[in-house]
Amino acid sequence: MTWQSGQPYPAELSKRAVEILGLLADGLSDREIADRLVMTVNTVKWYNRQIYSILGVGSRTQAIVRAHELNLLTADPAEVTSSANLPRHNLPVETTRFVGREAEIASIKTLLQTVRLLTLVGPPGTGKTRLALHAAWELVDMFSDGVYFVSLAALNDPAQVTDAVAAAVGVSISQRQPLLETLKHALRERHVLLVLDNFEHLLPAATQVSELLTAALHLKVLATSREPLHLYGEQEFIVPPLLLPDDAHHDVSDLLSCESTALFVQQARAVRADFELTPDNVHDVAQICVRLEGLPLAIELAAAYIKLLPPRTLLARLTNRLDALTGGAHDLPLRQQTLRNTIEWSYNLLDEGEKLLFARLAVFQGVCSLEAIESVCGAGLPIDVFEGLASLVDKSLIQQQEPLGHEPYFIMLETIHEYAWERLRDSGDAPAIQQQHAAYYVEMAERGEPELRQAGFSYWMNRLDAEYDNLTAALVWSLGGGALDVGLRLVTALRDFWIMSSRFMQAEHWSMWALSQSNILPSRARIGVLITAGIVLYYSSKQRDLQKQLLEQAIEAARAVGDQLNLARALAFLAASRVGSAAQYEDALSIAEEALAIFRTVGNKPGMAQVLNIIGEIARVQGDHERAQAAYEACLLVVRETGEARREAMCFNNLGSVMMNRGEVQRAKALFHDALVKRLEVGHDKRGMLTNILFLSGAIAAEGEPQRAARLFGAVKAILETMGVELEPADQPEYHRDLAYVRAGLDDATFYACWNEGRSFSLQQTIAYALES
């Protein structure tokens with residue numbers, strides 16, 4: 001209701017609302033009031049709206065005037081608020097300022113308007129209890145009969161839950177009926193919020209909560225648990241870690257407003273009052289919070305060491321989080337005094353099958369698919385893998401991520417992963433599980449390899465990219481002594497993925513490592529690695545003599561064992577390596593034609609498309625534009641059969657180059673533009689996009705925009721340098737021609753100013769600038 005002049009004092013104004021009204025009158029801002037009363041700014045604004053509504057005003061100034069008229073700002077709040085309306089509670093006082101979580105607090109308050117059982121769930125150490133307690137303080141005025149906090153952590157018998165609730169709300173034991181019935185009767189007509197903290201080890205008592213909710217229609221429950229209560233009508237709310245600082249910007253003011261780093265600073269000052277964020281330590285503090293994954297408990301434990309260690313030294317000690325983070329406050333529960341204890345609390349609640357699955361999941365790095373988990377972890381497991389995984393997700397030890405396509409993915413926080421790896425290592429099963437892990441991922445990579453040159457490109461690029469950490473782990477294990485043959489197969493299967501995702505430096509590292517160890521194996525086993533290393537060196541424009549030598553060795557080995565498909569692959573790139581040499585023009589064409597004939601014989605259309613493109617490159621560099629155009633158009637026909645959209649974009653760009661060489665600038669520019677748009681649709685191929693932009697820049701310069709072209713040249717050159725690669729040999733002549741044209745159209749000062757400006761562009765800025773009309 002709205003107060004009107006002549007009516008009694010509006011009893012709807014709570015004691016807290018009157019307190020906020022007084023602070024408004026004192027001139028405090030919403031932020032200052034929030035800090036003073038230990039609440040969020042959004043909560044202060046919510047109270048402001050309630051005050052305006054009840055007093056019938058529309059602004060802060062009008063509210064203050066009306067408050068003076070009612071003598072609200074001089075009277076004792078106890079006199080202006082009916083004692084019957086004063087909220088009752090038993091909430092522990094918050095001894096430190098609550099940091100962040102404004103979005104979560106707002107969501108909890110909104111949800112409790114419509115749901116009666118809200119359970120805060122999340123991994124160990126995410127701050128569920130503190131969040132629930134702070135939310136409860138902000139909800140005190142909204143429950144006329146009280147907000148009651150019930151700590152369940154110390155209980156070990158589900159039957160004790162009813163006793164704990166009764167004690168908190170002041171209900172006495174009756175000799176005439178069971179305590180649960182007495183509690184139902186006492187709460188039947190009361191508007192009460194129960195905060196049930198740490199329910200996970202007492203889940204059989206959830207039925208008691210259900211009975212109370214059924215009997216007391218105005219009762220609401222806010223629970224915290226590492227897994228849901230699994231009751232009808234329950235609303236789960238996943239408590240995330242605190243927000244982390246931006247990787248790219250570590251400004252002092254930004255970190256003070258970031259949740260995770262603000263908590264670190266607050267807790268560091270608790271043990272060292274003069275601690276300040278400075279330009280010298282801001283990066284280290286940010287990295288500490290990132291390494292601790294934004295977990296409030298871990299951040300608080302780490303910050304306590306600031307009394308002894310500067311941030312940089314503390315960061316270096318966090319390589320093993322479980323052993324480093326100990327010594328929590330003595331008045332905290334034992335399970336919260338070390339990071340290891342809080343995870344162990346959850347682990348000990350698992351049954352034996354869940355413990356075994358939990359340990360085996362430590363073999364995965366980063367995200368993994370359900371298919372991978374079932375394949376790697378299922379052998380000899382006493383429980384169903386899917387059901388066990390679902391239980392671990394419920395218990396917040398595993399997190400489900402957004403699905404890729406229709407497939408769910410799962411991940412373990414690194415802090416929990418450390419603990420799980422200890423369990424796997426101590427079990428003695430680690431070698432067998434690592435072998436199974438490597439076997440699964442080499443088989444997955446081999447399934448995806450042929451699809452990358454067909455219509456399945458996007459799906460398999462996304463899938464391999466999502467699980468790349470696991471592919472890397474399999475490489476480390478197999479090439480590090482686990483199973484060399486598996487490592488060689490994996491290096492071979494990942495060749496196109498590395499190239500198509502512009503991971504050239506990683507490709508070179510793994511292929512050369514594999515090559516260095518493969519001498520002990522028969523030549524047949526080495527063919528794929530020889531080709532991979534040769535192709536990678538071709539794309540990175542390094543060690544040309546070694547590249548040709550490796551491809552020639554692969555050709556010799558493939559001919560010896562009759563491996564036609566690998567023979568054709570090696571021939572194709574040996575031909576490509578001779579692009580640009582007039583003396584080897586006919587030889588290069590002859591080699592390419594042999595590769596094309598083999599691909600046709602074995603019916604490998606993606607290989608045919610690749611060689612047709614190479615023939616076009618050989619002819620284009622030698623100025624044979626008709627032959628080049630014919631080869632590119634033939635390639636385009638094949639890729640439209642196979643669905644290889646990436647190669648289609650390449651054909652557009654190469655045909656544009658032919659048009660540019662003929663002086664047909666507008667037609668060339670349109671083809672370059674279409675090629676870049678197609679590459680953006682396909683995604684992943686950063687180097688291909690940059691090549692397109694360079695060709696498009698030449699057309700832009702030819703149409704009278706040399707300064708814009710110079711910026712684009714500078715941008716592309718800088719990005720290629722960070723990738724550790726150069727342009728392909730076939731693209732070098734056009735690049736140097738177009739760059740010379742741009743430089744001729746500008747004086748040196750203007751050219752270098754534009755060039756250096758472009759070098760500061762990100763890839764996204766470069767693409768957007770290139771596509772401007």
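**Cavities and confidence**

The second largest cavity holds about 70 Å³ of space; a cavity is a set of points on a 1 Å grid over the protein atoms alone where a 1.4 Å probe fits but cannot get out, and its volume is the space filled by probe spheres set on the points, joined across faces, edges and corners. This is a predicted model, where local features need pLDDT of at least 70, side-chain atom pairs count only at pLDDT 80 or more, and totals for chains, interfaces and linings use all residues. Residues are numbered from 1 along each chain, and side-chain values use heavy atoms, without hydrogens and water.

**Second largest cavity**
- Its lining (residues with an atom within 4 Å of a point) includes Leu-361, Phe-364, Cys-368 and His-417.
- Eight of the lining residues are nonpolar (Ala, Val, Leu, Ile, Met, Phe, Trp, Tyr, Cys and Pro), two are polar (the others, Gly among them) and none is charged (Asp, Glu, Lys and Arg).

**Largest cavity**
- The largest cavity has a volume of about 320 Å³.
- Of its 25 lining residues, Tyr-539, Asn-613, Arg-646, Met-650 and Glu-728 are the closest to the centre.
- The lining has ten nonpolar, six polar and nine charged residues.

**Confidence**
- Mean pLDDT (the predictor's confidence in each residue, from 0 to 100) is 84 for the protein chain, with 91% of residues at 70 or more.
- Residues 328-332 stay under 50 in pLDDT.

Key:
Contact means heavy atoms within 4.5 Å. On a 1 Å grid over the protein atoms alone, a cavity is a set of points where a 1.4 Å probe fits but cannot get out, and a pocket is an open set with protein on both sides within 12 Å along at least five of seven lines; lining residues have an atom within 4 Å of a point.
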